[in-house]
Amino acid sequence: MSTLEEAKAAIIDEFSMFDEWLDKYEYLIEMGKNLDVFPVELKTDDRLIKGCQSRVWLDTRFEDGKLFFRADSDAIITKGIISLLIQVYNGRTPAEINADSFDFVEKIGLKENLSPTRANGLTSMIETIRKEAEKHA
Amino acid sequence: MNIDQIRALFPQLKQEVYGRRLVYLDNAATSLRPASVLEKWQEMSTRYNSNIHRAVHKTAVDATEEYESSRAAVAAFIGAGTEEIIFTSGTTHSVNMLAVMLERASFFTEGDEILIAESEHHSNIVPWQMLSERKGLKIKVLPVDDRGELQLSALPGLLTSRTKLCCVAQISNVLGIVNPVEEIVRICHANGTLVLLDGAQGAVHLATDVKSIDCDFYAFSGHKMYAAPGTGVLYGKKQLLENLPPYMGGGEMIESVGWDKTTFAPIPRRFEAGTQNLSGVPTFKPAIEMCKLLRSREIENNSKAICEYLGRFFSSNPDITVFGRPEDPSKKIPLFSIAVNGAHHEDLALILDKMGIATRSGQMCAEPLMDRFGVTGMLRISFAPYNTLEEAEYFAECLQKAINMLK
């Protein structure tokens, strides 16, 4: 398994190939469609990050010193970005996550998907990943 | 004036996003501003900057004149008396202020009722819920039918001897339907119920005469009708305003101040505490001129053509649901909120954005209405007189592309 840094670098590299916005979105839509199925029984209110736009469900588990994340969204582009976040942060130790600057989503040019609008699901998801890592540090 | 000449008056229409010409279809959120408004806005800072209603020097007197002539212009625009116009920071401010003033005037007693339309914007719901919590009031809901039209037949049954106030929008910001406000006012008044109209969408779209509608209060924002942001109006009937206490204290809202007793200025100054939006308020004058200019036959025909074209486009696609379909098509403004089967509103808005089209997605500050229609959000496009049929066609083409990408 690659390190967190390697996983990030791979995604940044992948996205550097897209000149067109719509190609980037096509790719994210594909990633979103291929995201592991999120069990229906986990779609509970306490896992739901309800926002004005898309809804995000996030399930966190701490096991053997590592953090594991599963997530879902009703919007496919958000789901694509979730898939990227999981590639980078899933199965990492809290120390690895705490050392990260969480800037790769910006680096691949998806900053507006993380706009500080009311309860943006994705922003909250990143916040939760960060908090979980701090909690278990 | 033809559309091209009108478009030339709005500098932001020349703006490009992602290398494409901006197609601005989020006018219900805020309108673009014409050069005349931008010039006045700047002039208030570069030529007339001084505090109003206080000093005797030339600049202050001129600034006061700019400010007070705006009040006269706004009053004439909606058919009100000058003393009935209170400047606020926007519709939300107007509604909140009214709620607090009515509370302080002991207008409500525990157990009284407020009737609110189901299609209201949060700004015409939440201030009343907050007041209800404080005063032990009951909120009742005037429902909409499946077309999005207010169920007027339910209104008499919802009014009781305790219904003190009815809050309803002149035009819904989600459904784009012109509500039958005259009739609502008539029915409410027969019951002794006062009516607050939210004119946030109505002020720019309709020639409004508050006296002929006979509403008791009318709230609207400057920024949705080409004026500067941070400007708004609360209209109230003179005899009602005269019996309302101030909202905030300080500044020029007083008549005299003493340690023993302070008395307040007459209306409307009593309600305008502190330094006002000196640069913004005077932009109401050029904004109102723009509203009048844009109420031409040519613009009306253009808007009708856009509505007809999009109506046909939406109904040709079985995956698209349009919310707000009044029986009488003339009651619909060029504002469409839709849901697309199999495509999330946020995804659509993000893709359209990259094609240069500004739309709105989400709950549109009307969560109860989203619940009513069983959706988590909608995609809204709202047109202004400077939008063209070509832009509507481009939107339709791009929406179809976006849907194909997401399917």
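This is a predicted model: local features need pLDDT of at least 70, side-chain atom pairs count only at pLDDT 80 or more; totals for chains, interfaces and linings use all residues.
Let's start in a loop: Pro268(B) sits between strand 12 (262-264) and helix 11 (284-293) of chain B, where helices (H or I, at least four residues) and strands (E, at least two) are DSSP runs numbered from the N terminus. Residues are numbered from 1 along each chain as its sequence is written, and chains are lettered from A and ligands numbered from 1 in the order in which they are written.

**Chain B as a whole**
- Chain B has 15 helices and 17 strands.
- Its radius of gyration is 22 Å, close to the 22 Å that the globule rule gives for 407 residues, so chain B is as compact as a globular protein of that length (the radius is taken over C-alpha atoms, and the rule is 2.2 Å times the number of residues to the power 0.38).
- Of the 407 residues, 49% count as buried (20 or more other C-beta atoms within 10 Å of a residue's own; 12 or fewer is exposed, in between is partly exposed, and C-beta atoms are placed from the backbone).

**Two domains**
- Chain B splits into domain 1 (3-31 + 296-406) and domain 2 (38-290), with bounds from an automatic or database domain assignment.
- Between them, 23 residues of domain 1 are in contact with 26 residues of domain 2 (contact means C-beta atoms, placed from the backbone, within 7 Å).
- On the domain 1 side, helix 14 of chain B gives the largest share, four residues.

**Where chain B meets chain A**
- This contact takes 14 residues from chain B and 14 residues from chain A.
- Helix 13 (345-354), strand 16 (360-362) and helix 15 (389-406) of chain B each supply at least two residues to chain B's side.
- Helix 13 of chain B gives the most, with five residues.

**Two residues with positive phi**
- Ser106(B) has a positive phi of about 55° although it is not a glycine; its loop lies between helix 4 (91-104) and strand 5 (113-117) of chain B.
- Ser106(B) is exposed, with 9 other C-beta atoms within 10 Å.
- Met364(B), also not a glycine, has a positive phi of about 55° and belongs to the loop between strand 16 and helix 14 of chain B.
- Met364(B) is buried, with 25 other C-beta atoms within 10 Å.

Conventions: Two residues are in contact if their C-beta atoms, placed from the backbone, lie within 7 Å.
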